[in-house]
Amino acid sequence: MLLLDGRDNRKSSVLCNPLLISGSCSYSSAANAFIFSLHNTNGYDPVKLPQYQHLNKTMYTCTSYGPTFGGNLGRHDIYTPNDAVNTQTAFTYCGSTYSLPPGNSVGYCAFFAGESNFTPTDIKAFYETTS
């Protein structure tokens with residue numbers, strides 16, 4: 001799961017499952033994966049965007065990447081580099097793997113953070129436990 005809080009362009013939080021990073025780069029899958037936004041630039045209510053294609057490309061792990069979700073031919077739905085808080089090279093590309101946000105078409109989009117490229121100010125990791 002990922003949360004981009006786009007209340008203003010200067011503050012974007014990335015919330016994600018911690019990923020095990022190995023020496024190689026690879027995609028992984030997860031049943032019922034989704035990305036979501038609690039607040040976004042269009043003022044829509046919270047939005048949950050489930051996967052709708054490329055189900056084997058839920059997450060991308062690589063030593064040179066930060067939290068990265070979805071992807072098809074290098075078009076990750078959400079990409080953050082491993083040094084994301086110091087650069088503006090993180091980006092969102094709507095509709096690659098996860099459903100399109102309301103009012104958006106496939107391509108680079110500003111829905112989550114106000115611009116397609118952004119610098120997250122906060123990255124939070126969490127994990128889900130099952131009993």
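A cavity, in these notes, is a set of points on a 1 Å grid over the protein atoms alone where a 1.4 Å probe fits but cannot get out. Its volume is the space filled by probe spheres set on the points, which are joined across faces, edges and corners.

**Ground rules.** I'm working with a predicted model, so local features need pLDDT of at least 70, side-chain atom pairs count only at pLDDT 80 or more, and totals for chains, interfaces and linings use all residues. Residues are numbered from 1 along each chain as its sequence is written, and side-chain values use heavy atoms, leaving out hydrogens and water.

**Overall.** I counted eleven strands and zero helices (DSSP runs: E of at least two residues for strands, H or I of at least four for helices). Of the 131 residues, 42% are buried, meaning under 20% relative accessible area with a 1.4 Å probe and protein chains only.

**Cavity.** I searched the whole structure and found one cavity of 30 Å³ or more. I looked up its lining (residues with an atom within 4 Å of a point), and I35, L49, Y93, C94 and F112 are among them. The lining splits into seven nonpolar, two polar and one charged.

**L100.** I found L100 in the loop between β8 (90–94) and β9 (107–108). Its relative accessible area is 34%, so L100 is partly exposed (between 20% and 50%).

How values were computed:
On a 1 Å grid over the protein atoms alone, a cavity is a set of points where a 1.4 Å probe fits but cannot get out, and a pocket is an open set with protein on both sides within 12 Å along at least five of seven lines; lining residues have an atom within 4 Å of a point. Ala, Val, Leu, Ile, Met, Phe, Trp, Tyr, Cys and Pro count as nonpolar, Asp, Glu, Lys and Arg as charged, and the others, Gly among them, as polar.
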